[in-house]
Amino acid sequence: MGTKLKLSGADMLMHALHDEGVELIFGYPGGAALHIYDAIFRQDKIEHILVRHEQGATHAADGYARSTGKPGVVLVTSGPGATNAITGIATAFMDSIPMVVISGQVASHLIGTDAFQETDMIGISRPVVKHSYCVFDANEIPKIVKEAFHVATSGRPGPVVIDIPKDMTAPDNLFEYEYPKKANIRSYNPPVEPDENQIERAVTELLNAKRPVIYAGGGAIASNAEEELFRLNEILDAPVTNTLMGLGIYPATHHRFLGMLGMHGTYQANMAMHNADLIIAIGARFDDRITNNPSKFSPGAKVIHLDVDHSSVSKIIEANIAVFGQVKNSLSAMIKLLETKLDQYNKDTLQPWHDQIQNWKSSHGLNYELYKNESDENPILPQAVVQHVYNITEGKAYVTSDVGQHQMFAAQYYHFDEPRKWINSGSMGTMGFGLPAAMGVKFAFPNEEVLCITGEGSIQMCIQELSTCLQYNLPIKIININNEALGMVKQWQDMNYGGRHSQSTYQNSLPDFVKLAESYGHVGIKVEKNSELKSALEKAFSMKDRLVFVDVYVDPAEHVYPMLIANNSLEDMWLSKDKKT
Amino acid sequence: MIKRKLTLIMENKPGALVRVVGLFHQRGYNIESLHVDPVDDFTPYKFIEEQLETKFKENEISRLTIQTLVSDSLMRQILRQLNKLIDVIAVSNEETTYLKGVLLDENLL
């Protein structure tokens, strides 16, 4: 045994992060974090990315985490640094994204004195973290870091905060450093392997279903279950729908894929869910944007629910068969058992169901050929912008989005064949997410195409990160679907408030986005005509080493359809402005 | 709505109690009364030590009782949400005990 390393708290923190495999930290310095920032300066193993606002740091770390599956790491100072991070922490929490947020805190002896830049970060973040730690003894820093990463990444993932008072990182107090090999938290033991009885019951239902639907969500992506899901459906040949958070877990171009379901889901996906006799929920949680009125939800269906989180099952919709465990493991167990019973299963029994679905799709499915209309007599349709982007990038790009109409158009018209390529704030619906999230993705995948589909409302909520993109040379493509209004708010006002556009337009106060992009050192392109759209987008994507901001003026009157009619079933949808089911 | 009593065994750590109380507020559950004490006699909780392969030490765990007004359908959800808190070791109502991943069909706390 050699002598152990003697390090300060700040140096132990950096060593621990390195030992945990962290390569990148997104952060912003300030008084209470300065000992840590000095430790960052004195090492070269971990790169620190300086953002322009702490919200940007959390979303960038979030984008990094969603695209790689590895935890995102954030470092902020106390007080405003900590509170600015809250929106991004809540965003990660609501979508179950692994993240570790380290916040500086005023020195221990000042806590509770209303000291400069003091805020109760543990208290303020408590409802939006999976767990949190405050460091009271610098010796415990390695153990706390180990535990924090374990909690953030295991079970149902989520953000974990480590609040560190400044004196815990002081350079003159040295400690023997050793990084624990394993986190041992006796009161934390998320399920991994499923119960065999439940698997047997589930498989029996699968074999007997006439109208099954596989409904897979973000939990299936978190569990990296794409191969298992694909294999399961090679056997079953059932229709598959994905939630907004689950897009990509099943190939969107597969002939059994129904599209997204829910509030703005496809007609065939919602109809199939409503009329199913068996729903196989895989890492999805029957969110209110999926079920519409739960009492009218899919009246004839039995529900098999696979989830790692006990509290997600039978919360909204009662499960007939609950399968707790990592959904990857649960799916493997189901496949293994199914493979011994193949003689009891005949895919052809589903044919009437497939025919019914094909009918629904033919009658009211989405039109994927809107991009073919290049006439300048019509305004640019936002859907056509997404279709062009899909064609130009051959469906292979990482796509981040903000929140609103453009987000739904992106989800409907960009077909994701792989998981972790669609990066959006699903549950929290955080405007301002798209650009910093795209930065996080680009840091993780510098050689891949990364684009952000946004709107003129959302992009202005974290526009300052254009400066970060210049500093680190991040050639992201920003597609600004500009309808000169808060489109989704306006759509609701059109539909539910007699067209009274209360505070949803800007009255000619929008910036010139081309000049704005240029002033940040990037390229800006403005598009106002259908005939120019395709060539402008092609030009943008041809500039491989530049960030290009494409400002596309679209039809401001366009709405997102289908749209569920509130308090009804999944069968009740608006299909256009004047037509409902 | 029926008055129900919940019992929790949790880590005696700073902030643990506020996580429990905060959860009730956050999820819209109601608290009629609440009582918390450090546990000094571990004999009733031997089954937890065995299940979790651990040994409790003095002042390490607390016992918390909460009276709450809930519907039956919400009861299970409250138990599962409490069980999910990292500092909560076990939680029970009159009929069941959640001991982390394990569901036991009686009140053992």
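This is a predicted model: local features need pLDDT of at least 70, side-chain atom pairs count only at pLDDT 80 or more; totals for chains, interfaces and linings use all residues.
Residues are numbered from 1 along each chain as its sequence is written, and chains are lettered from A in the order in which they are written. Local features need pLDDT of at least 70, side-chain atom pairs count only at pLDDT 80 or more, and totals for chains, interfaces and linings use all residues, while side-chain values use heavy atoms, with hydrogens and water left out.

**Chain B as a whole**

Let's start with chain B, which has three helices and six strands (DSSP runs: H or I of at least four residues for helices, E of at least two for strands, numbered from the N terminus). Along the sequence, their order is β-α-β-α-β-α-β-β-β. Chain B is as compact as a globular protein of its length, because its radius of gyration is close to the value from the globule rule (taken over C-alpha atoms; the rule is 2.2 Å times the number of residues to the power 0.38). Here are some values for this chain:

| Property of chain B | Value |
|---|---|
| Radius of gyration | 13 Å |
| Span of the C-alpha trace along its principal axes | about 40 × 30 × 20 Å |
| Accessible surface (Shrake-Rupley method, 1.4 Å probe) | about 5400 Å² |

Carbon and sulfur atoms hold 50% of that surface. Of the 109 residues, 48% are buried (under 20% relative accessible area, with a 1.4 Å probe and protein chains only).

**The second largest pocket**

How much volume does the second largest pocket have? The value is about 590 Å³. A pocket here is an open set of points on a 1 Å grid where a 1.4 Å probe fits, with protein on both sides within 12 Å along at least five of seven lines; lining residues have an atom within 4 Å of a point. Its lining has 25 residues, and those closest to the centre are I122(A), Y133(A), C134(A), F136(A) and P14(B). Strand 6 of chain A gives the largest share of this lining, four residues.

Helix 10 of chain A, residues 267-275, is mostly covered, with eight of its nine residues buried. Among them are Y267(A), N270(A) and H274(A).

Y64(A) sits in helix 3 (residues 54-68). Is Y64(A) buried or exposed? Y64(A) counts as buried because its relative accessibility is 6%. Beyond its neighbours within four places in sequence, its contacts (heavy atoms within 4.5 Å) include E23(A), F26(A) and V441(A). Y64(A) is also 9.7 Å from P436(A), C-alpha to C-alpha, although 372 residues separate them in sequence.

Note on methods:
Grid points are joined across faces, edges and corners, and a volume is the space filled by probe spheres set on the points. Buried means under 20% relative accessible area, exposed over 50%, partly exposed in between (1.4 Å probe, protein chains only).
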